[in-house]
Each structure stands twice: as structure tokens, then as C-alpha cells.
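Morning, everyone. Please bring up the model on your screens, and I'll walk you through two places in it.

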Amino acid sequence: MTANGAGGEGIAQAIRELRELRRGEGPFDLRQAFDEDPARAADFSAEAAGLFLDYSKNLVSRAAWTALLALPERVGLRAEIGAMFRGERINRTEDRPVLHVALRAPREARIEIDGRNVVPDVHAVLDRMAVFADAVRGGDWKGFTGRPVRQVVNLGIGGSDLGPAMAVEALRPWSERRLGVHFVSNVDGTHLAETLRPLDPEETLFVVVSKTFSTQETLTNAESARAWCLARLKDPAAVARHFVAVSTHVERVRAFGIDPANMFGFWDWVGGRYSLGSAVGLPLMIAIGPSRFREMLGGFHAMDRHFAEAPSEGNLPVILALLGFWYNNVLGAQSQAVLPYDQYLARFPAYLQQADMESNGKSVDRRGRRVAYQTGPVLWGEPGTNGQHAFYQLLHQGTKLVPADFIGFCRSQNPLGDHHAKLMANFFAQTEALAFGRTEEEVAAEGVAPDLVRHRTFEGNRPTNTILAEALTPAVLGALIALYEHKIFTQGVLWNIHSFDQWGVELGKKLAGRILPELTSDAPLAHDASTNALIARFRASRAP
């Protein structure tokens, strides 16, 4: 039965069955599991698109894993995957297809929406982006005074910022070092002011990313950036040489002063948090060049094909999704850590926060009924050994169950002395320590004073996945992002929720629009007592 057919009752029943299985097995111990099952490490691993996944250090018996592997068929996952890849309108609350997979399809592919093959449209935009990126990278695109661009500033927010900002940092080894690429998202003026402070308007190009060209934060920053630019260049005609747009609204772009010839479009079937492979990735293409950008798209596509074709037992996104479902809905975990052991992936956890929490942070099912089970987890993380000296104490000896994904690479892009060996020694040691810990007997045998033994005991049984690749390359980054995209999709199917809308961000924006004029007026306030008092205090502090 499909998720739509089974509804929330079917999912709730599956959860009850899995919990009963878990109770019937009694306590699960990873030490014992590995001692009794020499093939566990080999059997609980899979590989695809340049990524190797070891999921053997999870609190899952073979019987439990067999039961979990029955879920995809039970909820009709294969049919749901097919519907997405065929361009069906699976974003039902907004009546839209969800086709980020089309953004990385090869030229010869055919993916239709209402009978139209959208792949040629995708590549037409990519080709225009490539011409523009090469012009900026090669110094042929000149500012208003004839000087080449040396600084690129992306003005966007949410999916128009987090993806390209993360990827520019992740792929810095392939970037054109002559160019600085910066990202401004927060409407807090400090973000823009501090970014622009060391820059020269004559050498700065702004990429304004807003599908409707009306996003409040982005347009506020864009208007201030335009004023900063014209304070030096004086002539409004300069805007056309220092601003380009990623948008679909020609008239608003033209009214701003941007030549529509320098507007790069995308489509309403591309969700913001899944849009890196579209024109939203223009700053990234400028940074790393068109060929490397297409290598990244190739990595995306390799994982897309794996997800669409591989059976569940060897399907990396499905495996991660089922494990997350197990911890979230059977064992009661409420958060998930993503821990990349590569400084270039410093922003990857923040990127995944939006991808996961905006997608699956839902409390009603596809039929609008309140769900009776947990949905998306809180996702968080930090890179490498930084996290070890911050929150790993809680992971090792705290009272909360926090499943964690460790992401590492066999080769560093910066082979400096023994830095990478020390980094990876920590990488491997942490998952071993979390899984197997150290018993009271082992601690006592080391001569630790009796009153300190329990303080220095590690229970172990803390679950982890290990994702290992040869090196962080554009293709590997694409595969890694797609891995998590499809994991999120799979979990949405398991929970019978809509993963591709985000109505939860609307109410706060609507109320902010109501409050904004109240901050600079004496109009009566009609909010709750707390909000009224806070606005009144703000007004008083701003009074002459």
C-alpha cells in the first residue's frame, strides 16, 4: 500500500510494530553485535557515486533492519520516486512539480512537464551562465569605469544564499583566487555594511537572487547596495554594469536598473533549498568556472540515478532515511548531528538545516490531519575537531540519544605535514569510541581511582554513520548533496507529509509587514500584551 493509501494510520501501525520488535529483542549492544557477527561491517555498508557508507555502528539488529527494509515497499516509495522524476505535481499544496533532478540531467535526457521537455531549457540557462561566468573570470566583463570585476557579492536569502555560499566554500580549491565571492543574506544592515566596507564599487558585481524580485530582505539589501554603488559612480546607468539578477520578473528587474539581458531565470518547479544547480548557482559558477560546475552537476546526476534505480538494501539515501526513521520514531531521538571532517564543509550542516528542517518540519499529513508521530529531526553540526572540543562531551557521556553522520575524505586538498593523518585519526577514533565506549572494568584496570571510575566510563552504544570519499571534489560534493536531498524526500514519504512546501515561514513574514510601519508611528497597537509592550519600548528608545 502507498503512503497516500495507508495514510497516517499505516505509518503509525508500522511504528508500533517496529517498537514491539525492539522491545522483544531486549537491550541492544554494539560490542556484542560485532563480536557475534563477523560479517556485520561488510554487510552493513554500501557504495555509490564516489561515496562509501558504513552504517554498521547503528543500534539495529539484523531482524530490525529486515523489518525496516520492508517499509519502502509498504509506503510505495518506488512509485513516489517515479512520480517525482516524471515531473508529476507532487508539491500538491502549491500544485507544482518538484524537478531539481532536471537541473543536473544531461543534455540528451528527456524530462517532461505537461508534455514539454524541460531539459533543453535548463541547458540554455546553463550555457548563458557559462558565457557570463567566463567573461567575469577572464576580466572581459568591465564595470562602469572600465575596470574588471574583482569582487562578487551575492544578495539572497534562504535557498538563494545557503547553497551557493556553502558550495563556494566547499570548492574553494577550484576557485579563481583573483575574485572574491561574498554572500549577504541578513536584513541586519551590519551584514551588508561589513561586507562592503573593504570593497571598491568600481570593481564590484552584485548578483541579486530573488525569483519574484520582491523578497523583502534581499531587495532591502539590493537597494542599499545600489545606493552605495551610485554614491561613487554617480550615474544611474552604472547599475547595469554592476548588478545582474537571478529572477523571473522582468519588469521589476528592469525597474531596478538591471538590463534584462543580464537576468538569469529559473522555474517554479525548483524549490529554493534545492536550487543550487540552477541559475542560483551563478556565483559558484563564477568562482569555480563552468566546467567544474558541470562536474558538480554530474555528481548530482550520478546520485540521482542511483536513488532511482538501486534496490532499497543498497540504496544510500534510502538507508540513511530508514535509519533516521528508526531513531526518530522508534527510539525517540529528536536531533541528528552532521559532522564533516573537512574545513571546506564548514557550512554544510547549516545548508542541510534548511534542506531538512524546512522540508520535513511538518505536523500535518498529506490529507491535512495532525500526525501522531514525530517527523523531521533538529539537525545541527560543526566541522572536524572543532566539534570535539565543543559538544562531543554530550555525544559521549550525555543523556540524549544523538545519531550522527561522520563525513570524511581519504585525501586532503591541502596535504600539509601530518595534519590530515591527525584529522582522520580523530575521525575514525570518534566513531569507534562512540560505538564501543570503555567499560568500568577497563577503566579500573588502568589504575583509575575508584571514586573516578564512573566519571571516566563511556557507555558506548552511541550510533553513527560513516560516509567516506576519496577526496572532496565538485562531483563528490554534488553526490553528497543529492544523497541528503533524496534521504529527506524518502523520509517525507515515510511520514506521509509534503516535503516541498514551506508554509511555516509565511506567518512571521506577514506579521512583520504589519509591524514595520508601527515601529515609526504613534498608531495604537493591537497585538498581545507582550508584543505591544516590546514595540512600545522600541519606540521609546528611538524617540528624539
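I'll take a helix pair, then a strand and its neighbours.

One caveat before we start: this is a predicted model.

Helices, then. Two packed helices are described by the angle between their axes and the distance between the axes. Find helix 6, residues 77–85, and helix 21, residues 474–495. They pack at an angle of about 125°, and their axes are 10 Å apart. Angles over 145 degrees would count as roughly antiparallel, and 65 to 115 as roughly perpendicular. Helix 6 and helix 21 are therefore oblique to each other. Their crossing is right-handed.

Which residues make the contact? From helix 6, we have Leu77, Glu80, Ile81 and Met84. Helix 21 brings His486, Phe489, Thr490 and Val493. By type, the contact of helix 6 with helix 21 has 5 nonpolar residues, 2 polar and 1 charged.

Now the strands. Go to strand 8, residues 243–246. What does strand 8 pair with? On one hand there is strand 7, residues 204–209, joined to strand 8 by 4 bridges. Those two run parallel. Look for Val207; its bridge partner in strand 8 is Val244. Then there is strand 9, residues 263–264, which pairs with strand 8 over 2 bridges. That pairing is parallel as well. Here Ala245 has Met263 as its bridge partner in strand 9.

Next, the faces. In a regular strand the side chains alternate between the two faces of the sheet. In strand 8, Phe243 and Ala245 lie on one side, Val244 and Val246 on the other. Buried or exposed? All four are buried, and both faces of strand 8 are covered.

How values were computed. Residues numbered from 1 in each chain as written. Predicted model: local features only at pLDDT ≥ 70, side-chain atom pairs only at ≥ 80, totals over all residues. Heavy atoms only, no water. Axes fitted to C-alpha atoms, helices over the stretch in contact; angles between N-to-C directions. Parallel < 35°, antiparallel > 145°, perpendicular 65-115°, else oblique. Left-handed = near helix turned anticlockwise from the far one by under 90°. Contact = heavy atoms within 4.5 Å. Nonpolar A, V, L, I, M, F, W, Y, C, P; charged D, E, K, R; others polar. Buried < 20%, exposed > 50% of the residue type's maximum accessible area, 1.4 Å probe, protein only. Pairing = 2+ DSSP bridges.
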